[in-house]
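Please walk me through this model in the viewer, one selection at a time. I would like to know what to select next and what is there.

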Amino acid sequence: MSHHLFLLSPSDTPIYSLTHYSTKLAQQTSSSLSSNLPTWSTSAFAGTLTALSGASSATQSHHVQGGGVRMGGGQDRHVIQMIANASLDIIEDVMRKESAMYLKSVDKFNEWTVSAFVTPGNMKFILLHETKNDDGIRSFFQDVWELYLKTMLNPFHTAHSPIRSIVFDTRVRASAKKYL
C-alpha cells in the first residue's frame, strides 16, 4: 500500500513530494480495473491504459518485506502526478464551500483517493492513498503542517521555495510511518 504526498504553494508550484510505502496490510474490497481490460490491448497505448488502470507490470513491481508487492518506478510516477494535479480544481471548489482545513477525501480515481489539507496561507497538502484512514490522515496532515511551519520559521529558507531539508524529510517520513 502506497501513499503519495505533495505540498503545493499558493500558486500550485510543487514544493515537496514524498512516496511512502506502508507495510500495513490493505483490504482489497473490489477488483482492479486492469482485470477488466480486454486482452487485445497490445497497441501503442497499452502501457498508458495499464498505468491509468492501476495495474502493475513485472518491471514496475517491487517486493517488500512480508511478501507484499508495491508499485514503483518511472512509468506510474507521471500518472500519480496527473491525478494530484487534476484534483486541484476540485480542492478549490471544496475550499469555497467549507471552512475546514482538513478537506477529507475530495476526489477518487480508480483505486486512488485524494485527501487534501489547506493551510490559512493557502498551501495545499495533497495525499493520494488507497485505503480509508481519516483519523490517521488528519493526524499526519497536522504533523506535516507543524513541520512545514517550523521550516518556514528558518531564516535561511525562502518562502514557497522547494524544501530540501534532510531533517524535514526524515520527520515527514517518520510521521508517515506512524500514522499511515
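Select β5 and strand β6 (residues 112-118): they run antiparallel and are joined by six bridges. Strands (E, at least two residues) and helices (H or I, at least four) are DSSP runs numbered from the N terminus. Within this pair, Tyr-102 stands opposite Phe-117 in β6.

The model is predicted, so local features need pLDDT of at least 70 and side-chain atom pairs count only at pLDDT 80 or more, while totals for chains, interfaces and linings use all residues. Residues are numbered from 1 along each chain as its sequence is written, and side-chain values use heavy atoms, with hydrogens and water left out.

Next, select Leu-5, Leu-7, Tyr-16, Phe-140, Phe-141 and Val-172, which touch the most other members of the largest nonpolar core, a set of 21 residues. Such a core consists of buried Ala, Val, Leu, Ile, Met, Phe, Trp, Tyr and Cys residues joined through side-chain atoms within 4.5 Å, buried meaning under 20% relative accessible area with a 1.4 Å probe, protein chains only. α4 gives the most to this core, with six residues.

Finally, centre on Val-172. Leaving aside neighbours within four places in sequence, Val-172 is in contact (heavy atoms within 4.5 Å) with Leu-5, Tyr-16, Leu-18, Phe-140, Val-144 and Leu-147.

Methods. Buried means under 20% relative accessible area, exposed over 50%, partly exposed in between (1.4 Å probe, protein chains only). Two strands pair if DSSP finds at least two bridges between them.
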